[in-house]
Amino acid sequence: RGRLETTRKGTHSDKMSKAGDWVDAVENLGFETQLVHAGVNPDKESGAILTPIFQSTTFVQESIDKYLAKGYSYSRTTNPTVKVLEEKIATLEGGVGAAAFSTGMAATVTVMTACLKSGDHCVLTDCSYGGTNRAARVMFSDLGIEFSYVDCTDVEKVKAAIKPNTKLIFTETPANPTLTLNDIEAISKVAKANDPPILHVCDSTFATPLMLKPLELGADMTLHSTTKYYDGHNMTTGGAVACATKELTDKIKFYQNIHGNIMSPMVAFLQLQTVKTMELRVRKQTDNAQKIAEFLETHPAVDVVRYPGLKSFPQRELAEKQHKLHGGMLWFEVKGGTEAGRKLMDSINRPWSLCENLGAIESIITCPSVMTHANMLKEDRLKVGITDGFVRVSCGIEDANDLIKSLKKSLDALL
């Protein structure tokens, strides 16, 4: 298995390529082709077009001297099915390697464990996924690691927050749930210019590699909850970290092996299938998000709406510079504050679903103050604009007119 290899057959007039040879190296193929084929080759034994599920704890060795000759011993360390997904993610994110995890939080905790020790300092965005904030504030702080919660939309504030013991800058763009953007290229330059250089990890779960690739913008690691857009079907939980260097990849894998927070072969198999349609899904979700955001801007019950594709988006210039597309996430607040916002969420009709998660083909409305960010301190949550009536929207692939019809019905009832 492994990454697709460039074939040299057929490059000379006296040689013919054969069925099964690749026309070019995977790095030279289009992103849509990489989504389907990167990392994947037909099974050597059967010719099966899909990577088999290696649901095995252990792998038999030919002899002690040939231990690990085939690359596998125990699935906590490496599993053939999971490895194929890791190779695909590394390719899609523009990385040297990747590690797949049981959840996005498992990926986050492993990055912090691998990069920080007692006495170290981390610059962490003040608007992150609630679980990231809690891990830093409750668990890692108790272990003697210092965190500065910084407005990473301002590169100068990031620079000012760096201390002699700073070892990691942790950004998130677009931020969950406020959609504030971090200039990944500028922050990466700040990290690299420090003496010694500081590692920069970016959680780009909201973005997907279709919107941006942090590694191409200078970040050392990019992190995803693959539960979201990599899955896209509300079927599995998973996480991933893609790294710019082999050294970092090996370090992340080493600490993952200690934690044991691996992705299962079955989940890896399922995400190998769901990721194939990421481009088709995300482009439709983006189209729906644009239409819904434009509708919300015109409705008299709406107080504010934020979507990077709107001309009114506060960081429009950075969005246009950094994004290839603007994705399927948006948020809004209605006039009348918390009570009105919760009334809307409690009354929303199908095809919307009131629940957690995002990035799926089903359209979802979430109340972050109760669901995804309830574990933040209330004062920290309010400081970054996550009010009790804040409505987070994850657009699916349904007919946009049906989604707008449902929103209009609930919004009209507030007037």
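How many helices and strands does the protein have? The predicted model has 15 helices and 12 strands, where helices (H or I, at least four residues) and strands (E, at least two) are DSSP runs numbered from the N terminus. Residues are numbered from 1 along each chain as its sequence is written. In this predicted model, local features need pLDDT of at least 70 and side-chain atom pairs count only at pLDDT 80 or more, while totals for chains, interfaces and linings use all residues; side-chain values use heavy atoms, with hydrogens and water left out.

**View 1. Overall dimensions of the protein.** The C-alpha trace spans about 75 × 50 × 40 Å along its principal axes. The radius of gyration is 22 Å, which agrees with the value near 22 Å for a compact globule of 415 residues. That radius is taken over C-alpha atoms, and the globule rule is 2.2 Å times the number of residues to the power 0.38.

**View 2. The sheet of seven strands.** This open sheet has mixed pairing and the order β1-β7-β6-β5-β4-β2-β3. Two strands pair if DSSP finds at least two bridges between them. β1 (97-101) and β3 (146-150) are the edge strands; each has a single partner, so one side of each is left without a neighbour in the sheet. From one strand to the next, the twist averages 20°. Axes here are lines fitted to C-alpha atoms, for helices over the stretch in contact, and angles run from 0 to 180 degrees between N-to-C directions.

**View 3. Strands β2 and β4, with the helices on their sheet.** β2 (residues 121-125) and β4 (residues 166-172) run parallel and are joined by four bridges. Valine 123 stands opposite isoleucine 169 in β4. Helix α3 packs on the sheet, touching β1, β3, β4, β5 (199-203), β6 (221-224) and β7 (239-243). The direction of α3 makes about 150° with that of β6. Helix α4 (residues 130-142) also packs on the sheet and touches β2, β3 and β4. The direction of α4 makes about 155° with that of β3. Contact means heavy atoms within 4.5 Å.

**View 4. The sheet of five strands.** The strand order in this open sheet is β8-β9-β12-β11-β10, with mixed pairing. At its edges stand β8 (302-306) and β10 (353-354), each with a single partner strand, so one side of each is left without a neighbour in the sheet. β9 (residues 329-334) and β12 (residues 391-394) run antiparallel, with four bridges between them. Methionine 329 has serine 394 in β12 as its bridge partner. Helix α11 (residues 278-298) packs on the sheet and touches β8 and β9. The direction of α11 makes about 15° with that of β9.

**View 5. Helix α3 against helix α9.** The axes of α3 (residues 104-115) and α9 (residues 246-259) lie 9 Å apart, and the helices pack at an angle of about 110°. That makes α3 roughly perpendicular to α9. Angles under 35 degrees count as roughly parallel, over 145 as roughly antiparallel, 65 to 115 as roughly perpendicular and the rest as oblique. The crossing is right-handed. A crossing is left-handed if the near helix is turned anticlockwise from the far one by less than a right angle, and right-handed if clockwise. Val109, Thr110, Val111, Thr113 and Ala114 in α3 meet Lys251, Ile252, Tyr255, Gln256 and His259 in α9. By class, this contact has five nonpolar, four polar and one charged residues. Ala, Val, Leu, Ile, Met, Phe, Trp, Tyr, Cys and Pro count as nonpolar, Asp, Glu, Lys and Arg as charged, and the others, Gly among them, as polar.

**View 6. Helix α2 against helix α10.** The axes of α2 (residues 80-93) and α10 (residues 265-274) come within 8 Å and cross at roughly 40°. α2 is therefore oblique to α10. The crossing is left-handed. From α2, Thr81, Val82, Val84, Leu85 and Lys88 meet Pro265, Ala268, Phe269, Gln271 and Leu272 in α10. The contact has seven nonpolar, two polar and one charged residues.

View 7. The peptide bond from asparagine 176 to proline 177 is cis, with omega near 5°. Proline 177 lies in the loop between β4 and α6 (184-193). The bond from arginine 350 to proline 351 is also cis, with omega near 20°. Proline 351 lies between α13 (337-347) and β10. Asparagine 234 has a positive phi, near 55°.
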